[in-house]
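Dear colleague,

I am handing over the structure we discussed, and I would be grateful if you could look through it alongside the notes that follow.

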Amino acid sequence: MNDKTRKLLEFDLIRRRVAESSLSGEAARRLEGELPLTDPREVEELKKLVAEFMDKFNSAGEEPRGGFPDIGFLIPKLEVEGMVLELDEAYALGVFVRTAEALKEWLRGSREDRDPPDDGHWDSAPPGEKSGFGAGPGPLQGLVSELPDCSPLAREIFRVLDKDGSLRDLPEFRAIKGRIRNLTEELEAIASRYTGNEETRRMLQSTLPSQRDGRMVLAVKANFRGRIKGIVHEVSSTGQTLFVEPEAVVDKNNEILIEKRRLDGEIHRVLREMTGRIATQRSLLKELHEKIIHLETLRARARYSRETRGHFALDGDSGRRQEHEALSPVQAAGLVLRQARHPLLGSKAVPVDISMGGTTRTVIITGPNTGGKTVTLKIVGLFALMNQFGLALPAGEGTILPVFDGVYADIGDEQSIAQSLSTFSAHMTNIAAITAAVTENSLVLLDELGSGTDPEEGSAIAMAILDHLIAKKARVIATTHHGILKNYGFSREGVENASVEFDGQTLSPTYRIIMGIPGESRAVEIAARNGLPQDIVSTARTYLNEERTDVSALITGLKKKHQELDAAAEAGKAEILRLREERRRSDLKELRLRQKEIDLKTGGMGSLRLLLAESRKTLENLVRELKEGEITREKTVAVKEFLAGLEKSVAAEDEVLEKEGRSLAEERRRLETEDIPGQGRPSRGKGGGRGNVPPAIGPGTEVLAGDYQRRGTVLRADKKGSWVVEIGSLRMSIPEKDLIPLEPSGEDKKPLIAVPDLSPENQARFELNLLGMRLEEALEVLRRQIDAATLAGLREFSVIHGKGDGILQRGVHEFLKQQGVVTDYYFSRPEMGGFGRTEVVLKG
């Protein structure tokens with residue numbers, strides 16, 4: 001996981017984008033310093049935490065959007081004896097704690113939100129669905145439960161400060177402020193004697209008093225110096241104005257200054273006492289800070305994963321199992337990418353599929369230039385790093401990746417004149433370092449292996465390198481144009497050929513990876529397509545035909561056979577599906593006939609029960625009559641035994657019919673809910689978890705009821721074996737054997753804000769920097785930001801415009817005033833940039 005590989009695979013750009021999704025500067029800096037994990041258990045735990053955050057986005061409603069101010073540098077200050085926090089420092093602590101409490105409450109949510117679904121399988125989910133990491137309370141709830149309660153600190157801080165960070169008008173300050181106010185009024189009355197008198201007013205440059213060093217002074221014209229007695233505090237640069245403190249206001253100025261010093265002292269006392277109470281809880285504050293920053297790094301990962309509409313990769317065989325541990329089917333699949341899209345290419349990305357399953361640990365990709373070989377290498381390496389960084393991948397479900405202890409890449413031309421390195425020398429230097437560091441748990445990506453030198457010698461070196469890496473059991477993906485390496489892929493165990501598909505009619509690549517078949521370079525066709533003169537192309541074809549072996553014909557034949565096999569496989573699948581459907585229909589028809597038979601038997605049993613009831617009455621009357629005449633005990637017992645035997649026979653027949661009915665209902669339910677791929681029936685359950693087992697019936701369950709399978713909702717349990725079901729406006733009691741439970745529909749799920757696939761330059765940002773732009777350019781960037789934020793559901797963001805001459809500042813505010821989607825805008829707090837930065841709030 002060296003810096004060079006991360007740079008080649010552009011992982012640093014992905015990590016920076018993840019950091020930009022954070023609402024905390026400290027969390028963003030921590031993310032930019034974190035590296036992909038190499039322990040499989042740690043990777044799995046990290047992905048579970050991120051997936052649980054994604055579930056919260058989909059189920060818990062609007063997340064808290066308040067930012068976390070930086071307070072890490074303040075916590076050590078609290079350990080200094082006698083330390084007094086400044087107003088902005090105390091305000092930052094209070095805001096951090098309050099925002100942390102809001103995040104904690106949002107993460108706790110309802111009881112239902114805290115229990116992930118019990119499907120025994122974890123994977124990422126599309127927007128609006130749960131990720132489903134295992135059963136029971138998730139690990140994220142464990143982290144939330146460990147957060148210390150620092151809300152008393154916030155209450156203490158905001159007892160002194162208001163919500164804007166200003167000092168509250170506490171009782172301790174009111175008396176002093178009242179005296180200052182009275183003295184100021186008296187001072188203004190004295191000043192008005194000078195400004196209101198016609199004689200003295202002509203001596204003044206201005207009728208408004210000024211302030212110098214906190215004292216009221218008058219601006220006196222220099223030629224009237226000495227006419228107004230007092231203390232000269234300052235002379236203007238031109239010498240035409242003297243700033244004089246009249247003798248009549250000296251005492252009042254002194255009194256005001258004394259009262260202000262008293263007020264400053266009282267404020268300092270209140271802040272000192274508040275700081276002392278905060279300092280006693282600094283250990284709790286330090287713990288809260290550390291855990292909240294960790295949670296914020298998880299939230300940034302989840303937010304980025306959600307924006308890319310990613311799925312978490314399943315864990316393939318990492319090669320670090322104990323001897324007694326067996327491979328699961330997923331692990332046996334090794335490395336599989338399905339519909340993998342490079343996250344930096346946006347909408348231009350072409351999905352890539354590649355598989356290294358079973359015993360295959362080396363893949364050699366051949367094919368034309370610009371066909372996508374190098375991009376495939378970068379996607380595999382980048383996805384491995386993103387997976388071990390705890391991110392969902394922009395790929396389809398079923399993507400499988402092992403956890404590697406190292407990802408090594410030799411991609412691109414690194415020749416250096418300064419270091420006297422040719423292209424071949426640069427490749428060999430890099431590969432030598434890779435072969436020394438690689439293990440059986442490493443991933444090695446080699447681009448244009450054996451190029452840059454004599455083809456024969458380059459091929460020999462390439463095969464020797466592959467032999468060495470295969471001996472070390474590393475996973476290797478290499479690209480090449482050397483024909484001999486195609487034969488190497490056929491002849492070596494554990495090595496598989498692959499190619500990038502090329503459309504011979506349009507002479508352009510399709511960027512599709514075909515496993516099992518080597519590809520042709522198509523250099524002549526590509527050269528012709530790129531403008532090489534036709535006579536040169538014809539001469540090249542002549543040379544090629546003279547020297548060509550039958551390898552190209554073999555490759556062409558293999559491709560044709562591969563296409564024929566694909567077509568046959570598809571036809572076979574379609575035939576299997578058709579036969580399964582016909583068998584299912586036949587079984588259903590047979591079941592309906594058996595059901596009809598049971599219904600007829602049931603009708604007969606009803607008649608029998610009626611006969612039994614009537615027979616009982618007849619026999620009881622007979623017994624009563626016999627009692628009035630001559631009767632023996634033996635006759636009475638015989639009559640009773642007859643009745644009891646008849647009743648038992650009917651009950652036994654009834655039980656047999658009921659069992660057969662239940663068996664038929666289960667069979668019908670299995671057939672009617674059977675998942676047949678390609679037939680448009682939704683699959684029950686997820687992945688390898690619960691399979692096709694339907695959910696249990698209970699209140700609120702949606703079911704298909706009765707023979708006509710009308711859709712309804714279970715309300716409550718009725719008598720034994722029956723449920724009260726609401727179908728339209730009707731409520732009726734229906735036996736459980738006649739109910740087929742359905743998966744919950746997506747209609748009740750909370751709507752998810754669609755995140756557009758924006759290009760990086762037009763992506764919504766939490767902080768928009770306009771410094772250095774002209775006004776027209778800045779307003780266009782701001783317009784795109786507002787559009788992107790509206791689409792992405794971002795309700796608040798910041799605009800940095802600086803102060804300067806105020807042109808950009810005024811232009812931004814005028815522009816925001818005209819935007820109907822903007823609810824409010826205001827300058828940031830002083831510690832966040834003050835008048836050089838504006839906070840923008842959009843309509844919800």
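Val235 stands opposite Leu242 of strand β4, and this pair belongs to the antiparallel pairing of β3 and β4, which extends over five bridges. Please keep in mind throughout that the model is a predicted one. In the hairpin that β3 and β4 form, five residues lie between the strands, and Gly239 takes a positive phi near 80° there.

Strand β4 is also joined to β2, and here four bridges link residues 215-221 of β2 to residues 241-246 of β4, with the two strands running antiparallel. Within this pairing, Lys221 has Thr241 of β4 as its bridge partner.

Taken together, these strands are part of an open sheet of four, in the order β1-β2-β4-β3 and with antiparallel pairing. At its edges are β1 (210-212) and β3 (230-235), each of which pairs on one side only. On average, and with direction ignored, neighbouring strands of this sheet are turned by 45° against each other. Helix α11, which covers residues 247-279, packs on the sheet and touches β2, β3 and β4, while its direction makes about 75° with that of β4.

A separate point concerns Ser151, which is placed in helix α8, the helix of residues 151-160. Is Ser151 buried or exposed? Its relative accessibility is 17%, and because the cut-off for a buried residue is under 20%, Ser151 counts as buried. If its neighbours within four places in sequence are left aside, Ser151 is in contact with Val97 and Glu101.

For the protein as a whole, the model contains 23 helices and 23 strands. Of its 844 residues, 42% are buried, and the accessible surface comes to about 44,700 Å², with 52% of that area belonging to carbon and sulfur atoms.

Notes
Residues numbered from 1 in each chain as written. Predicted model: local features only at pLDDT ≥ 70, side-chain atom pairs only at ≥ 80, totals over all residues. Heavy atoms only, no water. Buried < 20%, exposed > 50% of the residue type's maximum accessible area, 1.4 Å probe, protein only. Areas by Shrake-Rupley, 256 points an atom, 1.4 Å probe, with all protein chains shown as cover. Pairing = 2+ DSSP bridges. Axes fitted to C-alpha atoms, helices over the stretch in contact; angles between N-to-C directions. Contact = heavy atoms within 4.5 Å.
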